[in-house]
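Please walk through this model from its helix packing to its metal sites. Keep the sequence and the structure side by side.

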Amino acid sequence: AKKAGRGEQRVFNDAMNAVAKDALVIDGALRDAIEANEFYLVYQAITNAHTGKLTKVEALLRWNSPLLGPMPPDRFIPVAEDSGMIIALGTWVLEQACRQVGLWKHSVLDDVTISINVSAWQLADPQFVTLVSQALIRNGLSPHQLELELTERVLIEDAANVQTVLAQLRALGVGISLDDFGTGYSSLSYLTQFHLNTLKIDRAFVMDIEHSERSNSLVHAIIAMGHSLGLQLVAEGVETAGQAAILEKMGCHYLQGYHISRPILPDELLHFADGRAAP
Ligand code: C2E
Ligand code: CA
Ligand code: CA
Ligand code: CA
């Protein structure tokens, strides 16, 4: 076949980019992506705000599609949710993340807790609790080493069922974390109605904490409320030393964000953790 000239190639790329915006194309490309090994996980450190010790890591999904190029999760997760493919994908994430923690045994990351993001569809799957306990057993993790991150949307989707499933997971010893806190429907009754143990304060509030009195008061109030409810607090999107200092002073337990580390590959995380071992 005749090789495309530079102009033609650009027209082709522009057209591809336009097409790629189409959820249908993403949906099609997602179909075989698990089997074709196109997914991988990166891990972002979550450190103790007081000691700086690395205590948890959040697993974040990455998709390198040969057809569409690197695709951010915010683009393809909603598509996978619409088609129900998120169940297979979420199961892959669960297994992969637990396997990685298993591989970290006897390293400096021996006792790390892994946080994974879970969609509403997964919680509605009658197999979910079984899948979780099997992943723990198969990979030799103790249940406290796994934490599931849910958004407020997940909680309201099917509240009665979710409440039951979360109670079962907590009974197993698995942690439940409320992600993006403050951005969603934010009914404070969720905090007592569900079996949560961690609140993740959304980046939107953390971002302005140094310069906006309003964000500062809001974060302060969330932390105070979390303390009185016996919840662990994680601040997301910590990008500066100033933010970290303010959050630590306010009594936030854990910090996550580019100031500490970007999401990185397992070997890089091991290296990072080496420098942050317990004193
Ligand atoms: P999230 O759970 O709120 O994850 C945090 C996002 O913020 C990540 O984006 C992370 O890379 C980014 N981030 C972390 N620190 C900073 C910071 O200091 N500054 C800024 N600007 N950003 C920061 P990412 O990896 O693109 O993921 C986006 C969203 O996709 C996640 O938001 C989560 O909702 C979803 N997601 C990712 N992996 C999975 C997964 O395995 N399953 C499901 N269901 N959703 C996932
Ligand atoms: Ca999350
Ligand atoms: Ca979040
Ligand atoms: Ca988010």
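Contact here means heavy atoms within 4.5 Å. Helices (H or I, at least four residues) and strands (E, at least two) are DSSP runs, numbered from the N terminus. This is a predicted model, so local features need pLDDT of at least 70 and side-chain atom pairs count only at pLDDT 80 or more, while totals for chains, interfaces and linings use all residues. Residues are numbered from 1 along each chain as its sequence is written, chains are lettered from A and ligands numbered from 1 in the order in which they are written, and side-chain values use heavy atoms, with hydrogens and water left out.

Start with helix α11 (residues 213-228) and α12. Asn216, Val219, His220, Ile223 and His227 of α11 meet Ile246, Leu247 and Met250 of α12. The two axes come within 10 Å and cross at roughly 40°. Axes are lines fitted to C-alpha atoms, for helices over the stretch in contact, and angles run from 0 to 180 degrees between N-to-C directions. The α11 and α12 crossing is right-handed. A crossing is right-handed if the near helix is turned clockwise from the far one by less than a right angle, and left-handed if anticlockwise.

A second pair follows. Helix α6 (residues 128-139) packs against helix α8 (residues 159-172) at about 20°, their axes 10 Å apart. α6 and α8 are therefore roughly parallel to each other (angles under 35 degrees count as such; over 145 is roughly antiparallel, 65 to 115 roughly perpendicular, the rest oblique). Their crossing is right-handed. On the α6 side the contact uses Phe128, Val129, Val132 and Ser133; on the α8 side it uses Val165, Gln168, Leu169 and Leu172.

Which residues does Leu169 contact, leaving aside its neighbours within four places in sequence? They are Leu123, Phe128, Val129, Val132, Leu148, Val174 and Ile176.

Leu169 also belongs to the largest nonpolar core, which has 82 residues. Such a core is a set of buried Ala, Val, Leu, Ile, Met, Phe, Trp, Tyr and Cys residues joined through side-chain atoms within 4.5 Å. Buried means under 20% relative accessible area, exposed over 50%, and partly exposed in between (1.4 Å probe, protein chains only). Trp63, Ile114, Ile116, Leu123, Leu169 and Leu247 touch the most other members. Helix α4 (residues 86-103) gives the most to this core: eight residues. In soluble globular proteins, nonpolar side chains tend to be buried together.

Helix α3 (residues 73-83) has its own buried residues: Phe76, Val79, Ala80 and Glu81. Just after α3, Gly84 takes a positive phi of about 85°.

Now the metals. Donors are N, O and S atoms within 2.8 Å of the metal (3.2 Å for Na, K and Ca); water is not among the atoms, so sites may look incomplete. The calcium ion (ligand 3) is coordinated at 2.2 to 2.5 Å by Asp179 (OD), Asp180 (OD), Glu236 (OE) and Glu236 (OE). Along the chain, its donors follow the spacing D-D-x55-E. Distant parts of the chain are linked here: Asp180 sits in strand β6 (residues 175-181), and Glu236, 56 residues apart from it, in the loop between β8 (232-235) and α12 (241-250). Asp180 is partly exposed, at 26% relative accessible area. Glu236 is buried, at 12%.

Two aspartates bridge ions. Asp179 bridges the calcium ion (ligand 3) and the calcium ion (ligand 2), 3.9 Å apart. Asp180 bridges the calcium ion (ligand 4) and the calcium ion (ligand 3), 3.8 Å apart. The protein donors of the calcium ion (ligand 4) are Asp180 (OD) and Asp180 (OD), at 2.9 to 3.0 Å.
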